[in-house]
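Have the structure open alongside and follow along.

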Amino acid sequence: MDQAYKRLEKSLPKGVDLAQAREKLLEQEIETPSWGYADSGTRFQVFHQPGAARTVFEKLDDAAKVHEMTGITPGVALHIPWDKVDDYQKVMDYAEELNLTIGAINPNLFQEPEYKLGSLCHPDRAVRKKAVDHVLECIEIMNITGSKALSLWLADGTNYPGQDDFRARKKRLEETLAEVYKALGDDQRMLIEYKFFEPAFYHTDIADWGMATLLAMKLGPKAQTLVDLGHHPLGANIEQIVAYLIDEGKLGGFHFNSKKYADDDLTTGSVNPYELFLIYNELVAGAEDLQEDLNVAYMIDQSHNVKPKVAAMIQSVEEIQTAYAKALLVDRASLRKAQREGDIIGAERVLKEAYDRDVTALLVSVREEMGVPVNPLEAYRQSGYQSKIARERG
Ligand code: PSV
Ligand code: MN
């Protein structure tokens, strides 16, 4: 162990275990999304980036580079049909060659003309069937690729008061979801993602964590809720939502990103790193209290419209890893004591102390053990990969 690590260890409050934090960090995994490597934009413009991945295989190449630099991103989430191919075995084999695995499969229920009035909630039975068939196709892809998570997000909703019947839509959704749920294998799960607006602007059919969780509870143990950090109204206390879901055993997954206004899809930790830390604080406390692995699927879901994509992904992974490292070093005994005694300032100070702590020595030690660069973003920027893909991919 080097000097800096020892200094950090010495500076920690009694009872905060650096070696244990190190072990946890060595186990951390975060999935990256295939679509984060491809050209993307807003509804106003897509700016082409030189070297942006064009095929699922190029996306996997980029994901492999992120994993090579960080050591904690072996899984890649796919979006179907954005990543549709004739032979998924080939995708699987290529991923294996790159030391990657296929992560969550995301059905796309928002880009077909038939889905104007919804997909799984559509008033017309034939459109609902088309949507169900697509999700079943995605479960088939999970079976081939070994994916364990079906990540379900619906654009369903209405734009105007009176446009459709809320309760009828809810019933249709319960029916179609139940059909899909039946097709899941024992070790597969359905992650239900919520979002309070966009593209529907009057109501969305799964608007918040309560609705998603109610659906998940009715469906059964293989259905859980997925929290996308960009999908809450301003001011929503996401860390509380996370704590609630942990307590109910219904926290299934995360989509990490960052927002200033709404679903901005900015890179994780860019606007609100303290919120990210507070979320991790709940995750760490929840796992410690329950004394079990929470089995949460951690994924990134953001679009890099103006930042270079691979570098932006590495930057995000570092933000998440840092937030986790800081949360692992919270002095929980002092926090509980302050809470018991009604010492509000003391309790907040415990959290602030952990948030302000420099965890570089811990991260360096973890990265050395994993055999990855101690400064992944810098190493990537020096690696020449960006100019190589720009040259090769045109
Ligand atoms: C919707 O805004 C969303 O967060 C869902 O997860 C989609 O699958 C993803 O974005 C597409 O980028
Ligand atoms: Mn999402």
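**Entry 1: the model.** I noted at the start that this is a predicted model.

**Entry 2: strand β2.** I began with β2, residues 75-80, and found it mostly covered, with six of its six residues buried. I then looked at each face in turn. Gly75, Ala77 and His79 are buried on one side, and Val76, Leu78 and Ile80 are buried on the other.

**Entry 3: neighbours of β2.** Which strands pair with β2, and in what sense? Strand β1 (residues 32-33) pairs with β2 in the parallel sense, over two bridges. In that pairing, Thr32 stands opposite Val76. I traced the chain from β1 through helix α3 (residues 56-70) to β2, and this β-α-β crossover is right-handed. Strand β3 (residues 101-107) also pairs with β2 in the parallel sense, here over five bridges. Val76 has Ile102 as its bridge partner in β3. The path from β2 to β3 goes through helix α4 (residues 88-97), and this crossover is right-handed.

**Entry 4: the manganese ion.** Which residues coordinate ligand 2, the manganese ion? I listed Glu193 (OE), Asp228 (OD), His255 (ND1) and Asp301 (OD), at 2.1 to 2.2 Å. The site has six donor atoms with angles of 71 to 165° among them, and it is octahedral. For ideal octahedral donors the angles would be 90 or 180 degrees. Along the chain, the donors of the manganese ion follow the spacing E-x34-D-x26-H-x45-D.

**Entry 5: cysteines.** How many disulfides are there? My count, with a cut-off of 2.5 Å between sulfur atoms, came to zero.

**Entry 6: Leu229.** I found Leu229 in the loop between β8 and α8 (238-247). Is Leu229 buried or exposed? At 5% relative accessibility, Leu229 counts as buried. Leu276 is 47 residues from Leu229 along the chain, and their C-alpha atoms are separated by 9.1 Å.

Entry 7: Most peptide bonds are trans, and most residues other than glycine have a negative phi. I looked for exceptions. A cis peptide bond joins Ile80 and Pro81, with omega about 15°, and Pro81 lies in the loop between β2 and α4. Another cis bond joins Glu198 and Pro199, with omega about 5°. Glu198 is in the loop between β6 and β7, and its phi is positive, about 75°. At 29% relative accessibility, Glu198 is partly exposed. Asn295, in the loop between α9 (273-290) and β10, has a positive phi of about 50°. Asn295 is partly exposed, at 45%.

Notes
Residues numbered from 1 in each chain as written. Chains lettered and ligands numbered in written order. Predicted model: local features only at pLDDT ≥ 70, side-chain atom pairs only at ≥ 80, totals over all residues. Heavy atoms only, no water. Buried < 20%, exposed > 50% of the residue type's maximum accessible area, 1.4 Å probe, protein only. Helix = DSSP H or I, 4+ residues; strand = E, 2+ residues; numbered from the N terminus. Pairing = 2+ DSSP bridges. Right-handed = clockwise from strand over helix to strand, strands pointing away. Donors = N, O, S within 2.8 Å, 3.2 Å for Na, K, Ca; no water. Tetrahedral: all angles 85-135°; square planar, octahedral: opposite > 155°, others 65-115°.
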